[in-house]
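Subject: Structure handover

Hi,

Here is the structure I promised to pass on. Please open it alongside this note.

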Amino acid sequence: FQWNADQLPPPDPGTSYVQVSGNWQSVNARFSQTCTYVGFAPGCSGSLPTSRLIPRETPRIGQELEVIVRDLPANLAIMGMGFDRPPLPIPIPGAPAGCDLHIQVDAVRPLIGQSGEARFILPIPDNMGLLGLHFYNQALVLDPNGNTLGAVISDAAEGIVGFP
């Protein structure tokens with residue numbers, strides 16, 4: 001967009017400037033959604049407290065997103081990733097009440113950890129078309145001593161891809 005130098009508007013809520021240039025007559029600006037990675041639904045506990053998804057940074061084009069999955073009883077998990085959320089939580093058959101799936105699972109990746117933690121790395125291509133993309137994560141955590149299913153669910157998080 002182009003404005004007179006004294007008319008540059010503030011960004012809309014949830015957006016930020018990703019590029020600004022100008023001269024004595026006009027200012028050019030490009031907006032994008034602010035990048036975030038935020039938990040939105042609880043998981044369930046087993047033999048340890050509820051496993052948590054902890055981002056090391058926010059998702060940005062051209063960079064890797066690293067998420068630490070904490071409180072892993074058996075150092076094994078399966079990270080689910082999706083691009084939508086179901087309207088209601090989905091109960092997991094055989095799991096205790098409250099162990100619900102809060103994301104639509106489009107892809108999974110096994111995670112092997114140590115000392116109760118595992119790393120999930122998501123490379124984000126350097127593609128401006130990904131700006132503002134929403135995605136969701138939740139992990140199935142192996143917990144042989146936690147319940148009859150032998151697994152629990154981590155909290156769920158939503159990421160929005162932004163600009164570096």
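This is a predicted model: local features need pLDDT of at least 70, side-chain atom pairs count only at pLDDT 80 or more; totals for chains, interfaces and linings use all residues.

Below is what was found in it, from the overall picture down to single residues.

Residues are numbered from 1 along each chain as its sequence is written, and side-chain values use heavy atoms, with hydrogens and water left out.

**Overall picture**

The protein has 13 strands and 0 helices. Both are DSSP runs numbered from the N terminus: strands are E with at least two residues, helices H or I with at least four. Of the 164 residues, 37% count as buried. Buried means under 20% relative accessible area, with a 1.4 Å probe and protein chains only. The protein exposes about 9000 Å², by the Shrake-Rupley method with a 1.4 Å probe. Carbon and sulfur atoms supply 55% of that area.

Contacts are heavy atoms within 4.5 Å. Take those with a separation of 6 or more: residues 24 or more positions apart account for 63% of them.

**The sheet**

Which strands form the open sheet, and in what order? There are 5, running β4-β13-β12-β7-β10, and the pairing is antiparallel. Two strands pair if DSSP finds at least two bridges between them. β4 and β10 (107–112) stand at the edges. Each has a single partner strand, so one side of each is left without a neighbour in the sheet. The twist averages 25° from one strand to the next. Axes for such angles are lines fitted to C-alpha atoms, and angles run from 0 to 180 degrees between N-to-C directions.

β4 pairs with β13 (residues 151–160) over 5 bridges, in the antiparallel sense. Gly39 has Ala157 in β13 as its bridge partner.

**The cysteines**

How many disulfides are there? The count is 1, taking a disulfide as a pair of cysteine sulfur atoms within 2.5 Å. Cys44 and Cys99 form it, with their sulfur atoms 1.7 Å apart. The pair links distant parts of the chain, 55 residues apart. Cys44 lies in the loop between β4 (36–41) and β5 (52–55). Cys99 lies in the loop between β8 (90–91) and β9 (100–101). The torsion about the S-S bond is about 90°, so the disulfide is right-handed. Cys44 and Cys99 are both buried. Cys35 also counts as buried, at 12% relative accessibility.

Best wishes

Note on methods:
Buried means under 20% relative accessible area, exposed over 50%, partly exposed in between (1.4 Å probe, protein chains only).
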